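This report describes one protein chain for a reader new to it.

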Amino acid sequence: MTATRWTMQVSGRVQGVYYRANTQKAGADLGLTGYALNLPDGGVEVVAEGDRKNLQALHDWCKKGPPAARVDRIVVTESQATGEFSDFSIRR
């Protein structure tokens, strides 16, 4: 199975609500690699690599987020996986 990379730009109330930490756990639990990063505009960037089924599962999770989050929009860009990640991390 060929790995794919999805870069998701998540906007809404997604900072200060443990969105990155919960996304990191969800990504790791799904066997994906990548990261979650707070953006200066108040959004979160999620970069994930793995199979499409698990990427879709992470996307579905990201649409809801943790209980205190409010996700208004997710923009997904798909590209070829690079294999540069060894785990799913939180970037600062």
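## Contacts of Leu58

Leaving out residues up to four places away in sequence, Leu58 touches Met8, Thr23, Ala26, Gly27, Leu30, Leu32, Val46, Ala48 and Phe88. Contact here means heavy atoms within 4.5 Å.

The model is predicted: local features need pLDDT of at least 70, side-chain atom pairs count only at pLDDT 80 or more, and totals for chains, interfaces and linings use all residues. Residues are numbered from 1 along each chain as its sequence is written, and side-chain values use heavy atoms, with hydrogens and water left out.

Thr23 lies in helix H1 and is buried, with a relative accessible area of 0%. Buried means under 20% relative accessible area, exposed over 50%, and partly exposed in between (1.4 Å probe, protein chains only). Apart from neighbours within four places in sequence, Thr23 is in contact with Ala36, Val46, Leu58, Trp61, Cys62 and Phe88.

Phe88 belongs to strand S5, residues 88–91. Its relative accessible area is 3%, so Phe88 counts as buried. The C-alpha atoms of Phe88 and Gly34 are separated by 4.6 Å, although these residues are 54 apart along the chain.

## Nonpolar cores

A nonpolar core is a set of buried Ala, Val, Leu, Ile, Met, Phe, Trp, Tyr and Cys residues joined through side-chain atoms within 4.5 Å. The largest one has 19 residues, of which Met8, Val10, Tyr19, Val46, Leu58 and Cys62 touch the most other members. Two or more residues of this core come from each of strand S1 (4–13), helix H1 (19–29), strand S3 (44–50), helix H2 (52–64) and strand S4 (70–80).

A second, separate core has 5 residues, including Tyr35, Leu37, Leu39 and Phe85.

## The chain as a whole

The chain has 2 helices and 5 strands, in the order β-α-β-β-α-β-β along the sequence. Helices (H or I, at least four residues) and strands (E, at least two) are DSSP runs, numbered from the N terminus.

Buried residues make up 43% of the 92 residues. Among contacts between residues at least 6 apart in sequence, 78% join residues at least 24 apart. The C-alpha atoms fill a box of roughly 35 × 20 × 20 Å, taken along the principal axes. The radius of gyration is 12 Å, which agrees with the value near 12 Å for a compact globule of 92 residues. That radius is taken over C-alpha atoms, and the globule rule is 2.2 Å times the number of residues to the power 0.38.
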